[in-house]
Structures are given as C-alpha cells and as structure tokens.
Amino acid sequence: MLTLLFVVLLLVDIGVRLWLSTRQIRHVARNRDHVPPEFADRIGLPSHQRAADYTVARVRLGMFERVFDAAVLVGLTLLGGLQMIDVLAAHVTDSDFLRQLLLLTMVAVLLGALELPFTLWRQFRLEARFGFNRMTPALFFSDAVKGILLTAVIGLPLASAILWLMAKAGSLWWIWAWGLWVGFSLLTLLLFPMVIAPLFNKFTPLADADLSGRIQRLVQRCGFAINGLFVMDGSRRSGHGNAYFTGFGKSRRIVFFDTLLSRLNGDEIEAVLAHELGHFARRHIVKRIVVSFAVALGFFAVLGWLARQPWFYEQLGVLPRMDGRNDAMALLLFFLVVPVFTFLFTPVASWYSRRDEFQADDYAARQSSADQLVSALVKLYDDNAATLTPDPVHSAFYDSHPPAAVRIRHLGAAAR
C-alpha cells in the first residue's frame, strides 16, 4: 500500500510541477513584449524582456532538475540503491554504529555529487548568461570545500547523537531527538552571524555615517535593538542585491549587500529596512520558528512510529537488518520521501508567507514611506531580473512574495 501511495504521489508531484512550470513559461513568454502599466515609466522594455528570458531559463532548468531528482529518488528507494549502499558500508566496517554513520555519509556525498552539475550550470552558465555571476571557479571550489568541512564538523556529531538516542532512549527517543534538533537550530541562529557567515563572506561595519544615523533612528522609532550594521561583499559572488536581519538576542544585526547600497538611495534603504522591521514587529519570525518546531515534532513522532514498522522499509525498497539496527536507514527513507507526501501543502505555506509580506509592507508604509518602498522594489525587480508578469496559478502555488504588480498596487493604496 505504501509503495502504491508513494508512486502515485510522486507522479502527482512531477505532473503538477511540470504543469505549473509550463504555465509559467507560456505566461511569461506571452507577456514578454509588453511592460505592465504599473512599471511602464520605470522599467524599459529591454529590461522587462531580459527578466522574462531569465525567468524562463530558470524554470526550464528547474523542470529538468525535478525529473532527474525524481529518478534518483526512485533509484535509491524502490530500485534498491539504499540497500546496495548499506551492504557496501557493512563491508567497510564491522561496527554497527559506524556502518550507519557511514551510510548517512555515503548517501549525502552521492546526492551532493549528483547535484553538482546543476549547481555548476546554474552558476557559470545561466547566471553568467544574464550578467549575475561574479564567482570565479577558484572561489566556487573554496566555498565548496568550506561547506563540506562545515557539514562534517556540524553534521557528523549531530547525526551521531540522533543515532545514539534512537538506540538508547527507548520508544520515546523521538522526543529527545526533537529537543536536540530544537537546541541545535537555536544555537545555529545564534552563531551564524558571528561564526558561520564570516567563513564565506567579509563583513565590514557600515561606513556611511548619514545612512547609519538614519537607520539607528528608524530602529529606535520602531523599538528594535540591533548589535551592528554591516556591509557584506556580495558582489564577489553575484550581481543580485539584498539586505537581511540575522541572529537573535545580542547577535542580532542588519546586513546589506554591497550591491544593494550601490543601487538604492537613503530613503529607499530606510523603506526596505522598515519592511524587514515589520516582520519582527508582527512577530512573523518568532511565529515561523514556533511553527517549524511544531511541524518538526510531528515529523519526529511519525518517524518514531515508522522506524519500528518492517513494512516501512520493505515497501520502499529496503530489507531491514535482523543483525543490526536500522536507525540510519529509517532517517534516510523518511526524509527522502516526506517531501513527496507534503508537496501539495506548498500553496498553504506560500499563502501564509505572502500574507506576512503584505503586513510588513503596511508596517513600512506607516514607519517610513510607501512611495520610497515602491521605488526601491522597482529597482530591485529590475536589477534582479524578477519577472513582472508571473502566471497567477504558478505564483499562488509557489511564490513566498506577492506578484510585483499586486504588491505595487497594494503599496500605492497604502500611500494614498
């Protein structure tokens, strides 16, 4: 029964994704030669056409990648790939615990290797074709090595701890594992801005005294505390611009991409930050963290039950071991197939996120200027080649932010 359900939902997943992608391509291409009225006096036709071509190229690559990922998933599960890797790991070590840890490592390396061609194509062909790539092969290799080492330093102890809990903490191990995951996630949020992010990017204090003073007055007016204003050398890797808040408590800081500062003026930057402050004022970040932890608890509870069911392994292409533990295999099977079972909930999460964006825009309109936020967004749409004419169904299903025209009209109403 599980096999049939898995196959049906995987086919639905692929079919819906390809249908939505086809809609997006056709809709964007159909509107390629006409700038929407809301942007006609701000974005030229060549920029609009570039954004349309960029969107179509990304969607086409995503279609191919999804079909490939589905084939890999079937190969690892129903066609016995995980079973073969587990047998190979058993030939390497006689330790049951090390076998399981090696199984997790080998699958992670395999998935990373299979994803690498898409990453390279996206970075050095697609992004380069539209003028966004600034990364050199040497920098890409350096980032990859750092990422692998960081994953090993953090991931292996975490995986070892979860495997130990599964073996030693009894039938309610999943509660302890969830608590470990929550603690790990919170620690990552705390350490990311000060320890992890500087491994990949250079962060320097914001040198513009006038802009710094303007931002400090804004955050004080909004009752928000920060621990610094920093500029990140995003231009080393990409031409895309952005700004974000990171950390919490004493590690909370505002980070600007240098590409963003070179494009927006002080009023526009203030409006963008007021929008981000709106997320904190409406407690969107805290709510999302709480929801994610609650969902994770549900997943761990389901995993705790499935891990004890022989049919869970057998119907997904694996023969459970009688001479050892199957904890690592349960983790792999569960987290490989759970996206297939939860895919149809995507539009719910997307709607929730878009609602938060509207609320943050309303907050920015009150604390700063709706007109300046519109001006900033138009520049960012233009610079980042974001399509102004997404397919409505595709956007409703996937997009975490409202479509450009809808968002601009909403802010226009707020300004009036």
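User: Which residues make the nonpolar surface patch of about 390 Å²?

Analyst: Leu187, Leu190, Leu191, Met194 and Val195 make it. Patch residues have over 30% relative accessible area and no salt bridge; nonpolar side chains (Val, Leu, Ile, Met, Phe, Trp, Tyr) are joined within 5 Å, like charges within 9 Å. Areas come from the Shrake-Rupley method with a 1.4 Å probe, and only the protein chains shown count as cover for residues. This is a predicted model: local features need pLDDT of at least 70, side-chain atom pairs count only at pLDDT 80 or more, and totals for chains, interfaces and linings use all residues. Residues are numbered from 1 along each chain as its sequence is written, and side-chain values use heavy atoms, with hydrogens and water left out.

User: Where does Met194 lie?

Analyst: Met194 is in helix 6, residues 173-196. Helices are DSSP runs (H or I, at least four residues), as strands are (E, at least two), numbered from the N terminus. Met194 is partly exposed, at 42% relative accessibility. Buried means under 20%, exposed over 50%, partly exposed in between.

User: Is Ala52 buried or exposed?

Analyst: Ala52 is buried, with a relative accessible area of 3%. Ala52 sits in helix 2, residues 45-76. Its C-alpha is 9.6 Å from that of Arg30, a residue 22 positions away in sequence.

User: How many salt bridges does the structure hold?

Analyst: Side chains of opposite charge can pair when their charged atoms come close. A salt bridge here is a side-chain nitrogen of Lys or Arg within 4 Å of a carboxyl oxygen of Asp or Glu. The structure holds 23. One of them pairs Asp53 with Arg32, closest N and O atoms 2.8 Å apart. Asp53 is in helix 2, Arg32 in the loop between helix 1 (2-30) and helix 2.

User: What does Glu268 pair with?

Analyst: Glu268 bridges to Lys379 at 3.0 Å between the closest N and O atoms. Helix 9 (residues 266-281) holds Glu268 and helix 14 (residues 370-383) holds Lys379, 111 residues apart. Both Glu268 and Lys379 are buried.

User: Which residue forms a salt bridge with Arg288?

Analyst: Asp356 does, with closest N and O atoms 3.1 Å apart. Arg288 lies in helix 10 and Asp356 in helix 13, so the bridge ties parts 68 residues apart in sequence. Arg288 is partly exposed at 33%. Asp356 is buried at 1%.

User: How many residues has helix 13?

Analyst: Helix 13 (residues 346-367) has 22 residues. It reaches 32 Å from first C-alpha to last, close to the 32 Å expected at 1.5 Å a residue. The expected span is 1.5 Å times one less than the number of residues. Its buried residues include Ser353, Asp356, Glu357 and Ala360.

How values were computed. Buried means under 20% relative accessible area, exposed over 50%, partly exposed in between (1.4 Å probe, protein chains only).
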